[in-house]
Amino acid sequence: MFMKKIMNLIATHKNADFDGFAGLLAAGILYPEATPYLPKTLNANVKSFYTLHKKVFPLLEDNDWDPSEVKKLIVVDVNAWSRLEIPDSIASNPGLEIHIWDHHQETGNIKGDQVNIQPVGAATSLLVTRIEQEHKELTPIQATLFLAGIYEDSGSLSFPSTTPADARAAAFLLEQGADLNMIKKFIRPVYGLKQKEIFMEMLKNEHKVKVNGHQINFVRIEVEGYNPGLSPVVDRYQEFSDSDAIFAFFLDPKKNQCMIISRSHSDTLNIGQIMIKLGGGGHPNAGSAIIKSADIEKLEIRICDLIKDREKSTIQISDLMSFPVKTVAQDAQMKEVALLFRAKGCTAFPVTDGDSLKGIISRRDFKRAKKQSDMDSPVKAFMSRNIIPISPEQSVSEATRLMVKHHIGRLPVIKDDQLIGIITRSDIMRYYYDMLPE
Ligand SMILES: [Mn+2]
């Protein structure tokens, strides 16, 4: 049998996604002497793209070549041997030269002779950046595939992991004729009938709890046997949900095990940290764990406790609120308060009667004081009595929810019936935009 001579091989991880698959072919442009090796397993959406484009993207998939002849290995979108899809023997080829192009920051065990690992949204962005630097031309089909790789891993440049390098690479690919309609068609996960059924089951089986002001959604589903593609279903579910986090328990009674897949919208809930405690792993917004002979009731309680524990180390209202609070007495005249506003430069004061909070007077309330005599009236005549209090250990997302629900811009912070601070929209904005005071 005629054997192809392959000395330079490009490979990516098992279950290749668009980033890994696009990376293979982008590396093929930077290393024209090398041959991209088709992973044995492709994600469903990548597979349907590849089936259509087989003629355009010739990848090495036959076995009529000798792995022992490989002298140089280019590794894309992975840096651990266990996840790399190649014939195993290649790793021990004598004098094997290895180049790594990756964006996974956890250190894998592949030692590269040339290593380009950077914290970008997609590994493909690193390769495309180099392609642009080397003034290589791309066909619109290549540009489309590479952009699909970047978009899938960066959520179309929307995930927090997205960097300027990803956006620049995307701009270059659009200039090269990348077709967004094609990307839209292929990048979406392919949902099978089983996944749709699971989605419907999830809707029927959710129950919500409040933990430290966080809305947590627990869902229990029984699944049997092999169920690929549960993660995209949970992703889609979380998109529909208004909860801060979802914990989906997929129980397999035959194997007596439970797979937890979790997603969160909130940056104060670190899902990855919680999953590590349960023996799994993940990122701040996504994670999973597999638990043998699980008692679901206990598991839910344990997760709630972990959230409470984590909350203690994350930001609370007490870290953001302003204090001490300048208050005014409810019988103070409007004109005195007007002077105070000018002197203090603030926009509102809580109004008290002795120790008890009666309302809030803000600059806006002065608009209703039209007559000259109104300025002699006590503030209690003009103050807002709509007091929505919050406690110091509640979360930022709870404060946001209260402000949105009640159309108010500030919440008095109450502890043991005492007013201890006030939290405003601008305090929360400072938090969300990473402008925490030192
Ligand atoms: Mn990737």
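This is a predicted model: local features need pLDDT of at least 70, side-chain atom pairs count only at pLDDT 80 or more; totals for chains, interfaces and linings use all residues.
Residues are numbered from 1 along each chain as its sequence is written.

Helix α13 covers residues 396-406 and helix α14 residues 425-432, helices being DSSP runs of H or I with at least four residues, numbered from the N terminus. Their axes come within 11 Å and cross at roughly 135 degrees (axes are lines fitted to C-alpha atoms over the stretch in contact, with angles from 0 to 180 degrees between N-to-C directions). This angle makes α13 oblique to α14, since angles under 35 degrees count as roughly parallel, over 145 as roughly antiparallel, 65 to 115 as roughly perpendicular and the rest as oblique. Val396, Ala399, Thr400 and Met403 of α13 make the contact with Arg425, Ile428 and Tyr431 of α14, contact requiring C-beta atoms, placed from the backbone, within 7 Å. By class, the contact of α13 with α14 has 5 nonpolar, 1 polar and 1 charged residues (Ala, Val, Leu, Ile, Met, Phe, Trp, Tyr, Cys and Pro are nonpolar, Asp, Glu, Lys and Arg charged, the others, Gly among them, polar).

A second pair is formed by α4 (residues 140-154) and α5 (residues 164-175), which pack at an angle of about 155 degrees with their axes 9 Å apart. That angle makes α4 roughly antiparallel to α5, and the crossing of α4 past α5 is left-handed. On the α4 side, Ala143, Phe146, Leu147, Ile150 and Ser154 meet Asp166, Ala169, Ala170 and Leu173 of α5, a contact that has 7 nonpolar, 1 polar and 1 charged residues. Thr139, in the loop between α3 (123-133) and α4, is exposed, with 11 other C-beta atoms within 10 Å (exposed means 12 or fewer such atoms, buried 20 or more, and partly exposed in between).

Phe146 and Leu147 also belong to the largest nonpolar core, of 47 residues, where together with Ile10 they touch the most other members; such a core is a set of buried Ala, Val, Leu, Ile, Met, Phe, Trp, Tyr and Cys residues joined through C-beta atoms within 7 Å. Leaving aside residues up to four places away in sequence, Ile10 touches residues including Leu24, Ala27, Tyr31, Ile74 and Val76.

Technical notes:
Helices (H or I, at least four residues) and strands (E, at least two) are DSSP runs, numbered from the N terminus. Two residues are in contact if their C-beta atoms, placed from the backbone, lie within 7 Å. A crossing is left-handed if the near helix is turned anticlockwise from the far one by less than a right angle, and right-handed if clockwise.
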